[in-house]
Structures are given as structure tokens and as C-alpha cells.
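Thanks for asking me to look this over. Here are my notes, in the order I would go through them with you on screen.

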Amino acid sequence: MLLCRDLRRPLFTVLMIPTPVVSSPERSVFPTDGRWSRFRRTDGGVPGPLPPALHGPVDSDAGGLESGTKRVSAGRTVVCRDLCRPLFTVLLIPTPVVSSPERSVVPTDGRDRSALLEEIVASFKDSCARMASIHPSLLALELVFTELLRRNEMRIEVQPLKPVAESSELAHKQWLQNQYKEVFSAIVEGGCGHERPTESALALATAMKLIAAECQSPLELTAGFPLAKLKLLLQALLPSDRPNANLINRFQEYTVHQDVVYFCWKVMPSLAPKEFAPNSQFVQNFLTLFSAVCFSKEFLEETPCFLCIELQQLDYAYIRKHINKTWSCIMNWTHDEVSHRQLLVLLLEKVLIHLDKPVLLTDFLMDSLDVGGAISLLALQGIFVLIQQHNLTYPNIYEKLYSMFEPEIFHAKFKARLFYLADIFLSSSHLPEGLVAAFVKRLARLALIAPPQDIVIILRFIGNLIMRHPALKRLFFHPNGGEVSQDPFIMDERDPSKSNALDSSLWEVATLQSHVLPSIATAARFISNPFPSVEWDLASVLEINENDIFDKEISKKSKEFALNLERPASMFLYCGGEKSSQYWKLF
């Protein structure tokens, strides 16, 4: 900063804005009279105006700015000696006027500052249009307007029943407010829509800083939280032509503040289209934003933190009302496979606890059960929650669960969730033995074609089911169970009670005792050993993958045996081995 000699205060704030590459060395310096300069771009683009440096009185002791071996005075552009092009433009922002008019060196009519602000705004819009770097101009706008808001230089005080007197000061404040609204719109529309993730994230942070600054220093005495600007920002996070999950995840960093969550839910219902069905990309972005601002019950119990307004108590009833209102709009939209799966995950993890009447989701979940794949599995978990917590009656739930155990389930993302739900559904010891035997036999048949990490899960699950129903031990060595080629069990039967599982035997588990992996062979020997007193914990094996099995096997230390009395000197026998030994060596 440049200092005034007598007051010892900052006179100018120096901003250095990078300038584009120019093609003419003699035109690479801005004129000192403050006129606009136009440069021809070397990349063939349309030439555009570059913001000239602001000229103002500079103290003689301050001199210029040092850049390498060249001293540059205010109002000039630093030029690279080798490339003959401008590196950056030196912008000097005047500091506020002091109270003593005779000592003030900044013009009091605001014309120079207004011209500088317009130039920075024009530079920012031009950078947004060209998808160039907006970092310098964006930080300059953030600095200017946060300082103006902090000093209340844009506030217009209106007294009730008294007309506002026209004055140059009032006109200037109105002009500043218009510039502020224009700049904020450009930041959320052009900055947040920038193709570079770093630039869009910086624009989001600037927009939130401006919202927080305006909330603490409102433009009007009666104004509160700037909901209009927050709504404009949330709308910018919901494009319909591209995914915007990265920027929404950055916005989620602000949802730890209770005041941000509260005011977001104030505007969320107005962001959901009701007159028309949005496209798939908008639906996915909206569900991502919904997940970012939705919260769990633990959020209400945490120590509250606030961004700009300290709430006495979070109005959960008000937020819950808006969650239900927004969710009803989402359920009326058309969903493809991606958004359907995203909707079910969001419902199970965050939304279901906030719904007033979750039983109304029964038809939607039953229709989702017939889709297949991961969607059916997620819908099954939703139905289980309704059965367990809301007394829903679903008579064919075990047939649906039985039909989900297909070979494709081992390659699904939510495989562990299926075994977890099946373990809960089959936890009762009062279930019919024929039903449980059908599950045991179907799982044993799938274990023959399952990946190694899933075979251990299946064997542990089968052992737990047999411990809950000891009468199923007859399946170990059933006298009339048949052989492999004459197994009475019907694998393709959809009804477990008609699969003839009680007439079969677990020859599949006996076969797995000869598996090549020792861990699987050991796990399959439970049918030949006494059962433990407690069930096996499935949670310890649900997350095992093939890498864990491989690491466990190679870490085992095996006993070494001597296979030869003398160390061999070659890989080949003497007869016919001379030629090969020229290219191979035994270490």
C-alpha cells in the first residue's frame, strides 16, 4: 500500500490484474492519460477493451513499484522485457476520505472510484464471457463491496411517512446498489457457471461472503437475511445442461451452519418446478442439492454454529414442513434409472425420518421392487423400515427377498445391504422350516459360482440360519437328499415353499471343503464340526474383498522343507542345457 506522508494512512490499495498477450511491442503499455486501449489478440479472438490504470495523486516519497530491474510508476503496465507484452495492470483503489477536507487527497465526488468500479466490472464480465481467469477481478469486487457493506456506504435510511430528499449522495448510493446487484448476478450466473472448477468454487465463496456481509450490514435498516440473493445462488447451482455435483459439494461446506440451513429451506420449495417436469439432469442436480441441505437428527443435537445470524433455536417444525412440501414435488417428477436410485438412497438415508406420512410411500416402494437390481434392493430396505416402524403389512415380502438372490447380486454395489436385510428378515426362530430351508439351499447353490470373498459371507449366513433352526441339520447328510445329478431342489422355482428344499442335502457345502483357498475350505467345514454357542458376526466379513483375501494368504508363513542336498548351479540339466544357460541365470 502507498502511504500518505502526513497522515501515515493507506492512500491506495494496489491490485495487479494480469493482461492478455499482445502482438505489438510498442502498444504493450497503457497510455498515461487514462484512455481505453484496445489490443489485437494473438489467438485470433475478438479484441476487447482492457481496463486502464487509475491515475491519482501519488506521494513523491512512495515512488513507483519495483518489478525486476524496472521501476514502474502508477498508471503504467509492467512490461516483460523479453516477450514485450504486459504482465499485469497496476490498479490503485483509493482509501476512504479522511475527516479533514484540507488533508484529503481523494476526490470527494466519487467520480474516479465510480469509473474504476465500472472498469473492474467490465473486466470481470469479459473474463466470464471468454471463460478466462476471473480470479483478479473477482477478488477486487469482493474487496470493494464487502468494504462498502461494512462501512454502510450503500445504506439508504428511510424514515416512515417522510419523503426521501433528492441529493447527489442519495443518487450515488442508489447507483452503488444497482452496481452491487449487477455484480452479484454476474458472479452467480457467470462465475458459478465457469467451466473451470477452481474459478466456479471461488465465485461461490465470494457470493457467500457477500451474502454474509450484507446480512450483517443490510442495505436497509429493516432488511434481514438476503433471501433473494440466496435463491439466485441456489438457482445457479441447478443447471439443466450439465452435472454440478462438485460445486454443490463445495456449497455443502456452508450447510454446517444452522442459519444457512434454515434460510435454504425457506427458498427450496420455490426452486422445485410444479407446472412442468424437469429433465433428468436438473433432477439429479436438485437431488444432490436436496441431500446437501437435508440433515439428520444428530444435526439438531450438535453444538450450533452460525454464519451471520445467530438463531435462538432452529425451527424444526418449519423446516420439516418445507421438506415435506419439496419432497411431494419431487415424487411427481419422472425419474430415469440414475435419478430413481439416487432418490431411494436419499429417501433411506436422510428424508424418511422427516416425512409426516411415510406410509404414503408404500405404492412407490412396491413399484420399485419390480424394477430389479439395486433399485429393488433399496426399495426392499424402505419397505422393511415401514414394516418395522410403521406396522406395514406386506404378505409377499419373503418371496421378493427370495427372488433377489441371483448371480448378478454379487456384482451389485449394494450387495452387503442385501445380506444385512436378509439376516434381519430371517432372524425370527418362528419362521417355517421349509421357508428357511429354501433360503439355505439357494444360498448354497449360489456359493458354487460366487466370488471367493462372497463365499465366506454365504457360508457364515447359512451357519447362522441353521443355528436358529436346529432341525435343518438334517440337510447335512439327508438320507434321501439325492446326488448332484438327482437333486430334488428346484432352483428356478420363485415360491420358496415349493422348492423341495427339505428333501435335499447340502452337498454344495461339502464340495466347498475342497476349495483351492484354505480360508474357504476351512469355513465350509462347519457342517463336520460342532457348532459354536453364538452366531457368527456377518459385519466382520461383509466388507471383505479379493485384495484382503490375497494379502492374508501371502502373509502366512509356511514351513520350509529341504528339497535338495546340494544347491543347483544351473536351471537346466547338463545334457542340452549349455545353450539355454547362456541366456538364463539362477540367482
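1. **Overall picture.** Please keep in mind that this is a predicted model. The protein has 21 helices and eight strands. Of its 587 residues, 45% are buried. For contacts between residues at least 6 apart in sequence, 68% join residues at least 24 apart.

2. **The α3 and α4 pair.** Two packed helices are described by the angle between their axes and the distance between the axes. Here, helix α3 (residues 168–191) and helix α4 (residues 197–216) have axes that come within 9 Å and cross at roughly 145 degrees. The crossing of α3 past α4 is left-handed.

3. **What lines that contact.** From α3, the residues taking part are Tyr180, Phe184, Ile187, Val188 and Gly191. They meet a set in α4 made up of Glu199, Ser200, Ala203, Thr206, Ala207, Leu210, Ile211 and Glu214. By type, the residues of the contact of α3 with α4 divide into eight nonpolar, three polar and two charged. As a reminder when you look at the spacing, an α-helix has 3.6 residues a turn, so residues three or four places apart point the same way.

4. **Helix α2.** This helix covers residues 135–150, which is 16 residues, and reaches 22 Å from its first C-alpha to its last, close to the 22 Å expected at 1.5 Å a residue. Its buried residues are Ser137, Leu138, Ala140, Leu141, Glu142, Val144, Phe145, Leu148 and Leu149. Glu142 may be worth a click, as a glutamate in that buried list.

5. **Helix α13.** Residues 373–390 form this helix of 18 residues, and its end-to-end C-alpha reach is 25 Å, close to the 26 Å expected at 1.5 Å a residue. How enclosed is α13 by the rest of the structure? It is largely enclosed, because 13 of its 18 residues are buried.

6. **Asparagines with positive phi.** Most residues other than glycine have a negative phi, and most peptide bonds are trans. Asn152 follows α2 and has a positive phi near 60 degrees. Its place is in the loop between α2 and α3, and Asn152 is partly exposed, with a relative accessible area of 30%. Asn391, which follows α13, also has a positive phi near 60 degrees. Asn500 has a positive phi of about 60 degrees although it is not a glycine; it is found in the loop between α17 and α18 (507–512). With a relative accessible area of 35%, Asn500 is partly exposed.

7. **Asn464.** This residue lies in helix α17 (residues 452–468). Is Asn464 buried or exposed? Its relative accessible area is 1%, so Asn464 is buried. Leaving out residues up to four places away in sequence, Asn464 touches Glu535, Trp536 and Leu538. A polar atom of the Asn464 side chain lies 2.9 Å from the backbone nitrogen of Trp536.

8. **Asn324.** Helix α10 (residues 316–331) holds Asn324. At a relative accessible area of 17%, Asn324 counts as buried because the cut-off is under 20%. A polar atom of its side chain lies 2.7 Å from the backbone oxygen of Arg320. Beyond residues up to four places away in sequence, Asn324 touches His354, Leu355 and Asp356.

How values were computed:
Residues are numbered from 1 along each chain as its sequence is written. This is a predicted model: local features need pLDDT of at least 70, side-chain atom pairs count only at pLDDT 80 or more; totals for chains, interfaces and linings use all residues. Side-chain values use heavy atoms; hydrogens and water are left out. Axes are lines fitted to C-alpha atoms, for helices over the stretch in contact, and angles run from 0 to 180 degrees between N-to-C directions. Helices (H or I, at least four residues) and strands (E, at least two) are DSSP runs, numbered from the N terminus. A crossing is left-handed if the near helix is turned anticlockwise from the far one by less than a right angle, and right-handed if clockwise. Contact means heavy atoms within 4.5 Å. Ala, Val, Leu, Ile, Met, Phe, Trp, Tyr, Cys and Pro count as nonpolar, Asp, Glu, Lys and Arg as charged, and the others, Gly among them, as polar. Buried means under 20% relative accessible area, exposed over 50%, partly exposed in between (1.4 Å probe, protein chains only). A polar contact is a pair of N or O atoms within 3.5 Å; within protein, one must be able to donate a hydrogen and the other to accept it, and residues adjacent in sequence count only if both atoms are side-chain atoms. The expected span of a helix is 1.5 Å times one less than its number of residues.
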